[in-house]
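Here is a friendly note to read with the model open beside you. Take the points one at a time and find each residue as you go.

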Amino acid sequence: MKEYKDYSLLTHNTFGMDIKAKRYVEYDSEEELKTMIPTLMGEVLHMGGGSNLLFKGDYAGTVLHSAIHGIEIVEENDDEVLVRVGAGEVWDDFVAWAVEHGFGGVENLSLIPGEVGASAVQNIGAYGVEAKDVIVLVETVELSNGQKRVFGTLECDYAYRQSIFKKQLKGKYVITFVTYRLQKKPQLRLEYGNVKAMLGEKEDVTIGDVRQAIIDIRNAKLPDPKVQGNAGSFFMNPVVSREKFLSIQKDYPQMPFYEVEGGVKIPAGWMIDQCGWKGKSLGRAGVHDKQALVLVNLGGATSNEIITLCETVCKDVYEKFGIEIHPEVNLI
Ligand code: EPU
């Protein structure tokens with residue numbers, strides 16, 4: 001276990017904010033976590049890779065971080081494997097492992113930043129696949145009493161970028177292991193956006209090819225946090241009623257959209273782009289020039305600058321389209 005006081009989180013948040021946590025604890029095992037829980041006082045924030053949050057200032061409580069590692073096949077038959085992964089594993093290391101072993105299911109989620117624990121909290125998703133499609137079990141420890149609790153997928157109440165761990169049980173459980181179901185005879189999912197186009201005329205496409213295509217798409221569109229601070233998509237894509245969608249479509253026939261349960265999803269990035277924000281900035285906070293859904297730290301931006309840009313963009317989208325958009329990034 002590692003423990004620090006007044007610890008800088010500069011290298012632990014992809015927005016590149018130089019803020020401090022009063023106490024920072026990194027544990028290596030479920031047992032260590034359980035032993036450490038009684039020492040916790042005041043506010044607690046459990047962090048993963050820090051790739052989906054924006055700190056408004058120094059954090060006065062304890063920041064916890066998992067260093068629980070390990071990728072283990074726990075069950076298999078001719079068609080499937082169940083793989084149990086430590087919450088502290090880097091998500092993309094797990095995806096790379098799965099692809100190397102020929103196990104399908106997560107290749108479309110290649111290069112998503114963050115750690116395995118967060119995949120189960122956030123229900124990460126990209127290119128037509130979401131974490132919930134492959135999650136079988138989520139092992140947790142309850143922060144109030146150190147008791148272990150295992151959640152089945154249905155109990156996690158997954159929806160688009162949502163789970164019970166972000167809603168009713170927010171901050172109450174720490175994820176220690178996630179078990180995923182992967183396929184030995186992978187079914188490729190290439191229908192989303194430009195994945196097929198990226199693969200070109202290639203025959204006998206493998207999950208390795210899909211992983212590479214997605215890495216290429218992401219690298220072309222999304223800024224590298226090591227070069228320019230950002231937290232991926234800053235906003236969620238809103239779902240509007242069919243009625244509302246049809247009325248907007250009259251004015252914008254070229255508007256991209258996806259039919260989803262409960263309505264129609266409209267890409268917030270497209271709306272922000274239509275408002276003329278792509279590549280523009282307010283102070284040291286900018287809207288990424290290749291994907292308007294991403295806000296970037298142009299160098300030394302304060303959280304306030306990012307938040308002001310976020311609010312201005314939301315207001316403009318509302319004025320133009322009558323649709324409220326909301327941050328996907330957690331403001332701490
Ligand atoms: N678009 C524009 N201009 C922009 C951005 C997008 O016109 O500046 C249009 C695109 O041309 C496309 C549509 O909007 O027709 C959707 O764009 P894209 O495929 O890039 O996806 P997105 O809806 O903007 C979501 C996820 C991404 C994920 C991609 C691919 C959310 C909040 N974001 O973005 O996730 O990689 O789909 O599946 O759902 C992340 O969460 O950090 C993230 C990057």
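Predicted model: local features only at pLDDT ≥ 70, side-chain atom pairs only at ≥ 80, totals over all residues.

1. Residues are numbered from 1 along each chain as its sequence is written, and side-chain values use heavy atoms, with hydrogens and water left out.

2. Let us begin with the ligand. It is surrounded by 24 residues, and the closest are Tyr127, Tyr160, Arg161, Asp273 and Gln291. A residue is near a molecule if one of its heavy atoms lies within 4 Å of it. By class, this shell has 13 nonpolar, 5 polar and 6 charged residues. Here Ala, Val, Leu, Ile, Met, Phe, Trp, Tyr, Cys and Pro count as nonpolar, Asp, Glu, Lys and Arg as charged, and the others, Gly among them, as polar.

3. A polar backbone atom of Ser233 is 2.8 Å from a ligand oxygen atom. Arg218 places a polar side-chain atom 3.4 Å from an oxygen atom of the ligand, and an N or O atom in the side chain of Glu328 is 3.4 Å from a ligand oxygen atom. On its own the ligand exposes 820 Å², of which the protein buries 82%; such areas come from the Shrake-Rupley method with a 1.4 Å probe, and for residues only the protein chains shown count as cover.

4. Which elements give two or more residues to the shell around the ligand? They are helix H5 (207-221), strand S13 (229-233) and helix H7 (268-274). H7 gives the most, with 3 residues. Helices (H or I, at least four residues) and strands (E, at least two) are DSSP runs, numbered from the N terminus.

5. Asn123, in the loop between helix H3 (116-122) and strand S8 (125-126), has a positive phi of about 50° although it is not a glycine. Tyr127, in the loop between S8 and S9, also has a positive phi, near 50°. Asn123 counts as buried because its relative accessibility is 0%, and Tyr127 is buried at 12%. Buried means under 20% relative accessible area, exposed over 50%, and partly exposed in between (1.4 Å probe, protein chains only).

6. Glu130 sits in strand S9 (residues 129-130). Is Glu130 buried or exposed? Its relative accessible area is 17%, so Glu130 is buried. Beyond residues up to four places away in sequence, Glu130 touches Leu109, Asn123, Ile124, Gly125, Ala159, Tyr160 and Arg161, where contact means heavy atoms within 4.5 Å.

7. Ile325 lies in the loop between helix H8 (303-321) and strand S20 (330-331), and is buried at 5% relative accessibility. Leaving aside neighbours within four places in sequence, its contacts include Phe235, Met271 and Cys314.

8. Finally, the cysteines. A search of the whole structure finds 0 disulfides, a disulfide being a pair of cysteine sulfur atoms within 2.5 Å. Cys275 is in no disulfide, and the nearest cysteine sulfur, that of Cys314, is 10 Å away. Cys275 is partly exposed at 21% relative accessible area, whereas Cys156 is buried at 0%.

Technical notes: Polar contact = N/O pair within 3.5 Å; in protein donor to acceptor, adjacent residues only side chain to side chain.
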